[in-house]
Amino acid sequence: MKLRKGSHDATGLRFGIVVAKFNKFVTSKLLSSCVEGLTKQGVKADDIEVVRVPGAFEIPLVARTMARTKQFNAVICLGAVIRGDTPHFDYISAEASRGIGQAALDTDVPMIFGVLTTHTIAQAIERSEPTKFNRGGDAARSAIEMATVMRLLRVGEETPPSADVPQVRRAKKRLPRKRKA
Ligand code: INI
């Protein structure tokens with residue numbers, strides 16, 4: 001069996017982040033936790049490029065444009081679409097998710113869907129809080145995992161079994177000592 005699995009070591013990787021300004025009180029927290037998540041795993045600040053867009057609807061085009069430059073190992077998309085009284089939410093969230101997915105397939109660059117789609121403002125705040133759901137941090141982890149697994153696929157390397165299977169230590173079965181005659 002061949003096994004390929006991403007890692008959490010992001011040293012030397014470059015990431016693009018597209019962040020929506022709409023609902024900035026939420027998206028700014030997503031952004032800061034995401035950047036922190038990347039740098040904690042070894043990404044240099046110079047290797048992170050952030051582009052701000054008006055709202056979630058605008059994310060896919062900018063994410064795809066960034067990916068096409070081939071300068072990034074993954075592009076992270078951050079936004080917050082919060083349900084209101086009209087069907088607007090459905091159009092924005094559907095287009096953001098469809099477009100971000102399409103951008104990944106069009107460019108072969110991993111896209112991370114860090115766009116919150118919530119019923120209430122409270123849900124969005126909870127999900128952006130680093131001490132609660134921390135979806136910004138989750139997006140950083142997913143980006144590193146996808147970037148590293150895509151790199152493995154490109155170079156055709158395998159993940160050594162020791163890096164995947166938790167090593168369970170088994171107690172050695174003790175054989176009864178031979179008695180001296
Ligand atoms: N954009 C968001 O990112 N979140 C929202 O909740 C939202 N709502 O509710 O309207 C929103 N609208 C703006 C939209 O993304 C575009 O920026 C706008 O329509 C201009 O194209």
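Which residues surround the ligand? In this predicted model, the ligand is surrounded by Phe22, Asn23, Gly55, Ala56, Phe57, Glu58, Ala80, Val81, Ile82, His88 and Ile92.

The protein chain contains five helices and four strands. Read from the N terminus, its elements follow the order β-α-β-α-β-α-β-α-α. The chain has 181 residues, of which 38% count as buried.

The ligand itself sits in the largest pocket. Two elements, strand 3 (74-82) and helix 3 (88-107), each supply at least two residues of the shell around the ligand. Strand 3 gives the most, with three residues. Sorted by class, the shell consists of seven nonpolar residues, three polar residues and one charged residue.

An oxygen atom of the ligand lies 3.4 Å from a polar side-chain atom of Asn23. A polar backbone atom of Gly55 is likewise found 3.4 Å from an oxygen atom of the ligand. In the case of Ala80, a polar backbone atom is 2.8 Å from a nitrogen atom of the ligand. Taken alone, the ligand exposes 460 Å², and the protein buries 75% of that area.

Asn23 belongs to the loop between strand 1 (15-20) and helix 1. Because its relative accessibility is 18%, and buried means under 20%, Asn23 counts as buried. Most residues other than glycine have a negative phi. Asn23 is not a glycine, yet it has a positive phi of about 55°.

Asn134 lies in the loop between helix 4 (121-128) and helix 5 (135-155). Asn134 has a positive phi of about 50°, although it is not a glycine. With a relative accessible area of 17%, Asn134 is buried.

Is Ala45 buried or exposed? Ala45 is located in the loop between helix 1 (24-40) and strand 2 (48-53). Its relative accessibility is 60%, and exposed means over 50%, so Ala45 counts as exposed. Ala45 may also be related to another position in the chain: Ala45 and Val35 are 10 residues apart in sequence, and their C-alpha atoms are 8.3 Å apart in space.

Key:
Residues numbered from 1 in each chain as written. Predicted model: local features only at pLDDT ≥ 70, side-chain atom pairs only at ≥ 80, totals over all residues. Heavy atoms only, no water. Near = heavy atom within 4 Å. Polar contact = N/O pair within 3.5 Å; in protein donor to acceptor, adjacent residues only side chain to side chain. Areas by Shrake-Rupley, 256 points an atom, 1.4 Å probe, with all protein chains shown as cover. 1 Å grid on protein atoms, 1.4 Å probe; cavity = no way out; pocket = protein on both sides within 12 Å on 5 of 7 lines; lining within 4 Å. Sits in = over half its atoms within 2 Å of the grid points. Nonpolar A, V, L, I, M, F, W, Y, C, P; charged D, E, K, R; others polar. Buried < 20%, exposed > 50% of the residue type's maximum accessible area, 1.4 Å probe, protein only.
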